Structures are given as C-alpha cells and as structure tokens.
Amino acid sequence: MKNTQKTVWVTGASSGLGLHTAMALRDDGWQVIAGARSFTGGQKDGMTCLPLDVTDENSVRDFCRRAQEIAPPDALVQCAGMLVLGSCEETSVEEFHRVMDTNYLGMVRMNREVLPMMRAAGEGKIVLFSSINGLLGIPFQSAYTASKHAIEGYAECLALEVKPFGIQVMLVEPGDHRSGSEKYRPHAASMTDESPYAAAYESATARIHHDESNGSDPDVLGRKIARILDRKRIPFRKRIASVDQHMAVYVHRFLGARINGAILEKYYIRTENGSKQKEGGTEGK
Ligand SMILES: NC(=O)c1ccc[n+]([C@@H]2O[C@H](COP(=O)([O-])OP(=O)(O)OC[C@H]3O[C@@H](n4cnc5c(N)ncnc54)[C@H](OP(=O)(O)O)[C@@H]3O)[C@@H](O)[C@H]2O)c1
C-alpha cells in the first residue's frame, strides 16, 4: 500500500513557536523531521530530531541529506531565529551579523538545499517565519527587525520564481506569543548602565518583555499553521497577532511616519525626560 503520510521538515523546533508548530503538525498526521542545534539525533515525542545549525553550510547539508534519506519534504517550515536587544549605535557589527546569519541567511541556506527536491517533486510548500517586526520597526530591536524585513523582501522574490514549479511560499507574521525563550534574546554586549540610551532602553525592553510574556497562545498558532498546510492552496501572508498588533500594522502602513513614530515612542519609551535619558541606571543587562 502506498504511504500517503506527508512529511514536513521544521527548523528551530526545539523550543518556542517552532516546537509548537512541529507538535501541531505531528498531531495532524504529518511525519515531522525537526532540526535544531540542541538535537543530537533520534526520535523524541513522535518526531525525528536531527542536529541542525542554520548558520553552518555543512550542518545544513548534513541535515538535509539525513532528512532526505528518511523522506523528502512536502513542506519546509523555517522557524529558527534569535534576536539581540540593543541600540543601533551600541549593537556591534558582529551582533548584527549573527542575527542576520541565523534569521535570514539560515533560510536562504535551507531553501537552496530543499528547492531542487521540491522542483523534482513538482510541488512543495515553504513556510518562512517573519514577524510583525518584518513590517514595522520598534526601538532597540534593529538587528532583528532588519533580518525580518529581509525575509519579507526575499519571500516575495522567491514566491514569484518558484510558482511555475508548483512550489508555494507562505510568510507567517506572528505578533507577540508567550513561547519564546529568553536565551535567544541576549542584550548587546555594549548595553551597560552607562549607555546614553539606558533609560529608554530599560523602558522599551521592559515593555517588550511584558508583551511577549503576556502574548498569544503558541498552541493556537501551531494549530492554525497545521490547518493551513492541509489545504491545497496556501496564502502568501498569514498574520497571527492580537487586534492591537493588527492595528499597529495598519497605522504604520496608512497613517505615515510621524503619527506612527509618535505612537511607538509613547508606547515604548516612558522615561521622565522622554527619550532624552538617563536618570538612575538599568538593571544588569
Ligand atoms: N515568540 C514570539 O513572540 C515571536 C513573534 C514573532 C516572530 N517569532 C518568530 O518565531 C520563530 C520562533 O521564535 P520563538 O520566540 O517562538 O522561539 P525561541 O524560543 O526563540 O526558539 C528559537 C529556536 O531557534 C533555534 N535556533 C536558534 N539558532 C539556531 C541555529 N543557528 N540553527 C538552528 N536552529 C537555531 C533554537 O534551537 P537551538 O538552540 O536548539 O538551535 C530554538 O529552537 C522565530 O523565527 C521568531 O523570530 C516569534
């Protein structure tokens, strides 16, 4: 009898939204091959977990070879990601590079390996995790925001190129979800109490932390993606966010930079002197 079970490869599946999405797909009957740096190989919770570092070309090739031996992907879901919190001025080039290498170039590396397999099959679905920050910027997340904007632009090009081969692309744009692990959100090494941005930084990072820990349910997001991947045709964009965050995208797009900037400044930067710094210090970052 022909095996009709579909296979999905999921990157960044050891925690957060990647893990929740992988589990939802597994529960929906997919064979899941999960990748992350902390995996050592073998079965876990009904999924095959293989080591994968998306910043390392050899690791990407090795993962794809091993996964293909099990089953080529009907779908690839790319969730591997990280951010560095810090001011544009004090985030180092190395830190910018690390975020870009993981979030954006990691996807590029994976797609370069997987596209020939999907072209050969004449079909396939590629899901790229962007963010609301792929559409608008907030203070002290510039490296992350830039990487997610890069993904948005890249995905538009990719979708046009691969459509004739029966391959569909979907951008997932999550708002805040209470899933992310703090270890993937380090503070830039140069952000100290002495930073000229210290007060605004403290205010903005407290807000970011609050919004994420009170964010939406990651299980719901996982199940939504599993439902969409079951369809024959998938949308190019799927925003999964609170009403407030949908509104923020609307304001950003239609009300112009001045109004948008004023709203974001009021929301994120609550210091005694507005954004003009700094009374007292920040906690050890
Ligand atoms: N949580 C949210 O509110 C939110 C909002 C918008 C967008 N997103 C996006 O959703 C995705 C998941 O984020 P999250 O916050 O839910 O999860 P997370 O807890 O931050 O987990 C990040 C995942 O990426 C993996 N990873 C990191 N660097 C990697 C590398 N070099 N190679 C392979 N895997 C790597 C980690 O596993 P290992 O350490 O084991 O490698 C982990 O599984 C990201 O793309 C993020 O930008 C999240």
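Two residues are in contact here if their C-beta atoms, placed from the backbone, lie within 7 Å. Helices (H or I, at least four residues) and strands (E, at least two) are DSSP runs, numbered from the N terminus.

Now the provenance. This is a predicted model, in which local features need pLDDT of at least 70, side-chain atom pairs count only at pLDDT 80 or more, and totals for chains, interfaces and linings use all residues. Residues are numbered from 1 along each chain as its sequence is written.

Confidence next. The protein chain has an average pLDDT (the predictor's confidence in each residue, from 0 to 100) of 93, and 94% of the residues reach at least 70. Over residues 278–285 pLDDT stays under 50, and the model has 13 contacts beyond four places in sequence for that stretch. Where pLDDT is low, the predicted coordinates should not be read in detail.

On to helix packing. Axes are lines fitted to C-alpha atoms, for helices over the stretch in contact, with angles from 0 to 180 degrees between N-to-C directions. Angles under 35 degrees count as roughly parallel, over 145 as roughly antiparallel, 65 to 115 as roughly perpendicular, and the rest as oblique.

Start with helix α2 (residues 57–70) and α3, whose axes come within 9 Å and cross at roughly 30 degrees. The two are therefore roughly parallel to each other. On the α2 side E57, V60, R61, C64 and Q68 meet R109, M110, E113, V114 and M117 of α3. That contact divides into 5 nonpolar, 1 polar and 4 charged residues; Ala, Val, Leu, Ile, Met, Phe, Trp, Tyr, Cys and Pro count as nonpolar, Asp, Glu, Lys and Arg as charged, and the others, Gly among them, as polar.

Helix α3 (residues 93–121) also packs on helix α4 (residues 142–162), the axes coming within 8 Å and crossing at roughly 20 degrees. So α3 and α4 are roughly parallel to each other as well. By class, this contact has 12 nonpolar, 3 polar and 2 charged residues. Among the α3 residues in it are F96, V99 and M107, and α4 contributes residues including Y144, I151 and L158.

How do α1 and helix α6 (residues 218–229) pack? Their angle is about 50 degrees, with the axes 8 Å apart. That makes α1 oblique to α6. This contact holds 9 nonpolar, 4 polar and 2 charged residues. G16, L17 and H20 are among the α1 residues that take part.

Last, the ligand. Which residues come nearest? Of the 31 residues around the ligand (C-beta atom, placed from the backbone, within 6 Å of it), they are G12, G16, R37, G81 and G180. Helix α1 (residues 16–27) gives the largest share of the shell, 3 residues. By class, the shell has 11 nonpolar, 16 polar and 4 charged residues.
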